[in-house]
Amino acid sequence: MTLLVKNAGIPLPSGDIVVGNIYIEDGVITYIGRKEIQADRVINAEERLTIPGGIDIHAHIYDPAYTSNEDWETGSLAAAFGGLTTIVDMPLRTIVDNRKILEEKLSEARKNSYINYGVTGGFINEKNYNSIPELARYGVKTFKFFTCRPFKISDEALPDAFEQVAVANGVAIVHAEDESLIGYWEKKLLSQNSIAAFHLSRTGATEASAIYRVGYISIDVGARVHIAHLSSREGIEAVAVLRKKIGLTSEVTPHHLFFTRDETSRFGAYLKVAPTIKTREDRDALWRALDEGIMEGSR
């Protein structure tokens with residue numbers, strides 16, 4: 001099967017956009033240029049911007065216990081309209097640590113997804129990390145970890161679990177916040193009884209501390225690690241250090257890019273997220289890091 005996308009707006013590394021043709025053979029791009037090649041199918045892009053389909057590895061699409069939240073039909077259709085061609089479903093509440101629940105989630109995706117899909121295993125903890133090899137045999141490549149509540153893996157089990165991820169040639173996706181620092185600040189702020197207190201209880205240092213820890217554990221055991229939803233300047237600094245050592249990757253979400261603590265009182269529970277919304281300085285640092293390629297975007 002051959003495909004020609006003609007009159008495509010093709011972005012260059014310089015930032016310029018040129019109009020040209022893209023020739024694809026059996027799903028592989030074999031030519032980009034001005035020449036118009038005969039193909040089984042021709043699409044006229046009419047000079048619209050033409051880029052590779054996006055991949056979102058952190059999308060909460062389907063949970064059998066929360067079907068009113070999202071499903072594969074609505075979630076994948078929204079992703080397709082946003083330019084995504086692959087999404088990987090992240091656990092929400094139902095823990096994916098056995099073949100039965102994995103197959104239940106995959107079955108829904110096969111029937112209803114408009115685009116390519118995958119499923120992340122987890123939440124991985126000290127009781128179920130030995131399920132990683134079985135999940136990997138059935139195609140799971142990503143495994144979700146928490147270093148804090150509500151799904152925290154014990155400190156003692158984390159290296160062994162990361163080793164299992166490494167053996168499976170997978171990626172550990174980590175919600176990185178230091179539980180001991182969260183507890184410390186909660187005690188300090190408990191008397192305030194305010195929306196602001198929740199956001200103040202999870203600092204940039206809380207994030208950076210956990211990132212450094214999982215990063216250095218991954219160095220020792222050889223696991224690939226991806227940090228979920230960065231939220232702070234300190235977290236970015238930790239990621240920048242570890243990228244040079246182990247190629248650690250990370251992501252940012254829209255709410256951390258657009259909101260600051262100034263809006264948290266106005267929006268209340270709508271902005272109650274973890275990691276928390278932080279300062280204008282943190283938000284600006286996230287935009288710079290995204291622009292510099294230190295991290296990637298996430299839905």
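## The cavity

A cavity is a set of grid points where a 1.4 Å probe fits but cannot get out. This is a predicted model, and by that test the structure holds one cavity of 30 Å³ or more. The space inside the largest cavity comes to about 50 Å³.

Who sits around the largest cavity? The lining is made up of His 60, Ile 61, Tyr 62, Asp 63, Tyr 66, Asn 69, Glu 70, Met 90 and Leu 92. Sorted by class, that gives five nonpolar, two polar and two charged residues.

## The nonpolar cores

Now for the greasy parts. The largest nonpolar core counts 42 residues, and Phe 145, Phe 162, Val 174 and Ile 227 have the most contacts inside it. Helix α7 (residues 204–221) supplies the largest share of this core, with five residues. There's also a second, separate core of nine residues, with Ala 59, Tyr 62, Trp 72 and Ala 79 among them. Tyr 62 also turns up in the lining of the largest cavity.

Take a closer look at Phe 162. Leaving out residues up to four places away in sequence, Phe 162 touches Phe 145, Ala 172, Val 174, Val 214, Ile 217, Ser 218, Val 221, Ala 223 and Val 225.

Conventions: Residues are numbered from 1 along each chain as its sequence is written. This is a predicted model: local features need pLDDT of at least 70, side-chain atom pairs count only at pLDDT 80 or more; totals for chains, interfaces and linings use all residues. Side-chain values use heavy atoms; hydrogens and water are left out. A nonpolar core is a set of buried Ala, Val, Leu, Ile, Met, Phe, Trp, Tyr and Cys residues joined through side-chain atoms within 4.5 Å. Buried means under 20% relative accessible area, exposed over 50%, partly exposed in between (1.4 Å probe, protein chains only). Helices (H or I, at least four residues) and strands (E, at least two) are DSSP runs, numbered from the N terminus. Contact means heavy atoms within 4.5 Å. On a 1 Å grid over the protein atoms alone, a cavity is a set of points where a 1.4 Å probe fits but cannot get out, and a pocket is an open set with protein on both sides within 12 Å along at least five of seven lines; lining residues have an atom within 4 Å of a point. Grid points are joined across faces, edges and corners, and a volume is the space filled by probe spheres set on the points. Ala, Val, Leu, Ile, Met, Phe, Trp, Tyr, Cys and Pro count as nonpolar, Asp, Glu, Lys and Arg as charged, and the others, Gly among them, as polar.
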